[in-house]
Amino acid sequence: MPVTQTQAILNGERLALTRILSQIENNTPEGNQILEELFPHTGNAHLIGITGAPGTGKSTLVNHLAFQYRHPPEGNHPPTVAVVAIDPSSPFSGGALLGDRVRMQDLVGDSGVFVRSMASRGSLGGLASTTAGLVQVFDAAGFEIILIETVGAGQAEVDIARLAHTTVVVEAPGLGDEIQTIKAGILEIADILVVNKGDKPGADNAIRALRNMLSLSQPEKHTVMHHGDLMELEGIPKENQPTDQLWVPPILTTIATTGEGVSSLIEEIASHRQYLMETGEWELREQTRLKNEVDNLLQAALLSRLNSSISPKVYDQVLDQVISRQVSPRRAANELIQGAGL
Ligand SMILES: Nc1nc2c(ncn2[C@@H]2O[C@H](COP(=O)(O)OP(=O)(O)OP(=O)(O)O)[C@@H](O)[C@H]2O)c(=O)[nH]1
Ligand SMILES: [Mg+2]
């Protein structure tokens with residue numbers, strides 16, 4: 001009996017994977033059909049978002065993460081790893097990262113690793129939903145760890161980061177105004193903070209700045225359990241201290257070019273997963289993730305239906321009436337929706 005494409009993907013066959021990933025990027029009906037069949041097989045992978053400003057070292061870090069996941073300490077199970085890099089300048093998409101060539105070669109020859117990079121422009125179905133589709137394919141194909149690299153610069157990236165169970169925000173010293181991060185809403189979604197380029201001057205300052213921001217943005221989280229250690233609370237009797245576990249984002253230093261600190265990062269990622277599991281947060285995040293995805297698709301579908309059912313001429317006429325103050329914006333929007341029969 002011939003193996004169907006869906007079955008080949010579930011078996012993790014690389015050729016079938018490559019094919020379906022392209023179909024999803026091109027938003028083809030066949031790709032969407034296969035995604036339907038794959039979806040019941042998803043929900044097993046640990047989805048890890050790696051995000052941060054351009055040039056902070058995300059790709060280098062992801063490279064080392066993948067390598068170290070595949071080469072764990074003696075006696076440990078090496079999980080299979082998929083990488084989705086949404087990043088035109090990624091070394092995975094041909095950018096230069098000469099120092100790491102040897103390691104990249106090791107990854108290339110490893111059937112337990114699959115790397116897919118996608119240009120941030122030119123995804124036909126919308127970046128967030130295309131990324132969600134790619135991730136679902138890897139999940140269904142049995143990859144245990146899925147690393148998703150995004151450039152944390154705007155709402156689209158925040159949406160993509162929401163795909164993940166664990167979000168790692170990467171900072172680097174010497175990039176100037178750290179407050180930018182907060183403006184982009186990135187710090188709020190961080191489960192783990194990494195100050196990369198620990199070999200550069202200013203790394204200590206970056207850590208201090210992050211620690212300050214964290215304590216400003218999460219004052220209620222000062223009194224909580226972290227990794228099973230109850231933080232001492234001055235002046236508050238033990239029985240009045242909160243017992244609910246809350247996650248305080250740890251701040252780590254790495255040197256991605258040498259791999260220093262990467263094994264600690266892997267440990268923190270594992271701790272976060274354990275925390276999510278123990279507290280029931282995993283289930284909540286799953287629900288939120290899937291709701292986000294449905295909402296994104298719903299908005300995109302409604303918007304495209306709206307755009308295709310309102311003639312540009314009618315739209316311009318209504319807009320002119322608004323500009324000449326004959327019709328209010330609200331009434332204009334209602335009339336356009338009614339006229340489109342939606
Ligand atoms: N000194 C030093 N340089 C690093 C470190 N990590 C990365 N770099 C360098 O920083 C540059 C950018 O690294 P990338 O890994 O491409 O950074 P990125 O965040 O993926 O960049 P974009 O995808 O373009 O946003 C490269 O030249 C790296 O070699 C580090 O820990 N120390
Ligand atoms: Mg990159």
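Predicted model: local features only at pLDDT ≥ 70, side-chain atom pairs only at ≥ 80, totals over all residues.
Is V135 buried or exposed? The legends below take up this residue and several other sites.

View 1. Residues are numbered from 1 along each chain as its sequence is written, while chains are lettered from A and ligands numbered from 1 in the order in which they are written. V135 lies in helix α6, where helices (H or I, at least four residues) and strands (E, at least two) are DSSP runs, numbered from the N terminus. V135 is buried, with 24 other C-beta atoms within 10 Å; a residue is buried if 20 or more other C-beta atoms lie within 10 Å of its own, exposed if 12 or fewer, and partly exposed in between, with C-beta atoms placed from the backbone. Leaving aside neighbours within four places in sequence, V135 is in contact with L47, V84, I146, I148 and L163, two residues being in contact if their C-beta atoms, placed from the backbone, lie within 7 Å. I146 is eleven residues from V135 along the chain, and their C-alpha atoms are separated by 7.3 Å.

**View 2. T130, a second residue of helix α6 (residues 127-140).** T130 counts as buried because 23 C-beta neighbours lie inside 10 Å. In sequence T130 and L21 are 109 residues apart, whereas in space they are 9.3 Å apart, C-alpha to C-alpha.

**View 3. The crossing of helix α2 (residues 14-25) and helix α3 (residues 29-38).** The two axes, which are lines fitted to C-alpha atoms, for helices over the stretch in contact, with angles running from 0 to 180 degrees between N-to-C directions, come within 7 Å and cross at roughly 115°. The contact joins I20, Q23 and I24 of α2 to E30, G31, I34 and L35 of α3. By class, these residues divide into four nonpolar, two polar and one charged, where Ala, Val, Leu, Ile, Met, Phe, Trp, Tyr, Cys and Pro count as nonpolar, Asp, Glu, Lys and Arg as charged, and the others, Gly among them, as polar.

**View 4. The contact of helix α10 (residues 262-279) with helix α11 (residues 281-309).** The axes of α10 and α11 come within 5 Å and cross at roughly 95°; the helices are therefore roughly perpendicular to each other, a term for angles of 65 to 115 degrees, with angles under 35 counted as roughly parallel, over 145 as roughly antiparallel and the rest as oblique. Here L276, M277 and T279 in α10 meet E281, W282 and R285 in α11, and the contact has three nonpolar, one polar and two charged residues.

**View 5. The shell around ligand 1.** Ligand 1 is surrounded by 18 residues, of which the closest are G57, K58, S59, T60 and A256; a residue is near a molecule if its C-beta atom, placed from the backbone, lies within 6 Å of it. Helix α4 (residues 58-70) gives the most to this shell, with three residues, and by class the shell has four nonpolar, nine polar and five charged residues.

**View 6. Positive phi at K197 and at R325.** Most residues other than glycine have a negative phi. K197, in the loop between β6 (192-195) and α9 (203-217), has a positive phi of about 60° and is buried, with 24 other C-beta atoms within 10 Å. R325, in the loop between α12 (312-323) and α13 (329-339), has a positive phi of about 65°, but counts as exposed, with 7 C-beta neighbours inside 10 Å.
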